[in-house]
Amino acid sequence: MLTDVAHRDMAARGPRAGAGQSLIGGAWRRRFASVALALVALCCLVLTTAAQAATVNNLRLWSAPDHVRLVFDLSGPARANVFTLDNPRRVVIDLDSTKLDVDIDKLDLDASAIDKVRTGVRESGGLRVVLDVNRAVVPKSFTLPPNEQYSDRLVVDLDYPGASAVADPIDPIEAMIRDQEIAAQRAQKEAVAEGKPEQADAVAATVEAQPHPKRDIIIAVDPGHGGEDPGATGPHGTREKDVVLGIARKLKQRFDQTPGFKAFMTRDGDYYVGLRQRTLLARQQKADFFVSIHADAVRSRQPSGSSVYALSQGGATSETARWLAASENQSDLIGGVDGNLSLDDKDEVLRGVLLDLTMTATMNDSLATGGQVLDKLGRINKLHKSKVEQAGFVVLKSPDIPSLLVETGFISNPKEEAELRSPRHQAELAQAIYAGIVAHFRQHPPPASLLAWQRDQGRGSASNEYRVRAGDTLSQVAAGHGISMRALKQANGLDSDILRVGQVLTIP
């Protein structure tokens, strides 16, 4: 190109001779240099523009009960504009200076709100992606920088307004019963924390025994990882997120087959749920217990065996500090009430005492149940640790819900990786976890639960036992036996003032 321009320039000027040739030749060289510099600058501009253009190399999609996530894997950063259109419903994603290099027809849209994905080139030269959706959605988008696994990404979440994040949410009647229990427990803790136990006694004097609801004990089953987070990967490519989902589904099935129990899963598909969101779902569903399923991994292929973790004291301490911080105070952690109560009228010392009371009881229950689970796991699998370990896992940091994290085995060990893939071994692991949790609740059933009612059917005839009747109050029962309400509650492990008709009380 430079040669052609130079030749045209020379031909237009014609030949020169003598001394004038050197002067005119110098002018020609200067003009040639100027043209050359301009062309180099133009080439640089073209190259820079090309370098800034991004390519969509892959599209990934995950469907959850309350949203669908679409991830664009990009060769470089790209600006995006996401908006909705009506009649018909569409979500439009415009990416500046971007082109498509992926077959969108291979995208699996099943179980999502997206019926079809269409693409086109915008007049400005960018990429337009149109999602035809079959329900109302609220789009949210953000970009992520490259990491060890992925390049630049654009993440588009389509939230479903009003949809539950849990596929099989708790029954409203059971939710109401749990709310009553939780509120009573909170009032009891407040009275103790304020040094006014007589305040709780005064309430108890007026509460008559209520019909026994024989409610289910609610278990939150949490399969770790999911979606764009595969977790650990075994030597033969087994992904942790797939293994733990299989175990979790079998565990839920065992609970659902047992009268007096109901389980729900924090995720029941290949999608990601944030760590804090998992415990929030457990609280929203009024869970009595939370168990998170994982598969361990280390650099060495030698370690093997199962482990059980509860929250560490250090983790509990740091979580107390986190929730006591003014900017992050969440009253729902005091006894599990779902955000309707505020601690703004309580001083910091009282808030600390309330949290401490709640977390101490929760950790004790977690450790006790963890021991039962570890015992059952030890019967079908080698144990990596012979006692319940304690650590500051985020999913364990729910002060009001006893929680365990179970490392079912080492996916980094080739032998255990093969076992973890086996549906039979997955079922054995699920059965062991189930048996440990059930054993704990059979020993310590919540008073309003079916298990408590079943236990009390074989009691009530001993001289130190009393079966609650309609119209009874805690204060009347205590006075009738010449004991204090506090002694009666302590003897029966009652943290609520609500009595149930047919409930059997031990008289100390």
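Guide: Axes here are lines fitted to C-alpha atoms, for helices over the stretch in contact, and angles run from 0 to 180 degrees between N-to-C directions. The model is predicted, with local features needing pLDDT of at least 70, side-chain atom pairs counting only at pLDDT 80 or more, and totals for chains, interfaces and linings using all residues. Residues are numbered from 1 along each chain as its sequence is written, and side-chain values use heavy atoms, leaving out hydrogens and water.

Visitor: What makes α9 roughly perpendicular to α10?

Guide: Helix α9 (residues 414–421) packs against helix α10 (residues 423–443) at about 85°, their axes 5 Å apart. Angles of 65 to 115 degrees count as roughly perpendicular, under 35 as roughly parallel, over 145 as roughly antiparallel and the rest as oblique. Therefore α9 is roughly perpendicular to α10.

Visitor: Which residues of α9 and α10 meet?

Guide: E419, L420 and R421 in α9 meet P423, H425, Q426 and L429 in α10. Contact means heavy atoms within 4.5 Å.

Visitor: Why is strand β11 called largely enclosed?

Guide: Buried means under 20% relative accessible area, exposed over 50%, and partly exposed in between (1.4 Å probe, protein chains only). Five of the five residues of β11 (residues 261–265) are buried, so the strand is largely enclosed by the rest of the structure. F261, A263 and M265 are buried on one side, K262 and F264 on the other.

Visitor: How do you know that β10 and β11 pair?

Guide: Two strands pair if DSSP finds at least two bridges between them. Strand β10 (residues 217–223) and β11 have five bridges, in the parallel sense. The bridge partner of A220 is F264 in β11.

Technical notes:
Helices (H or I, at least four residues) and strands (E, at least two) are DSSP runs, numbered from the N terminus.
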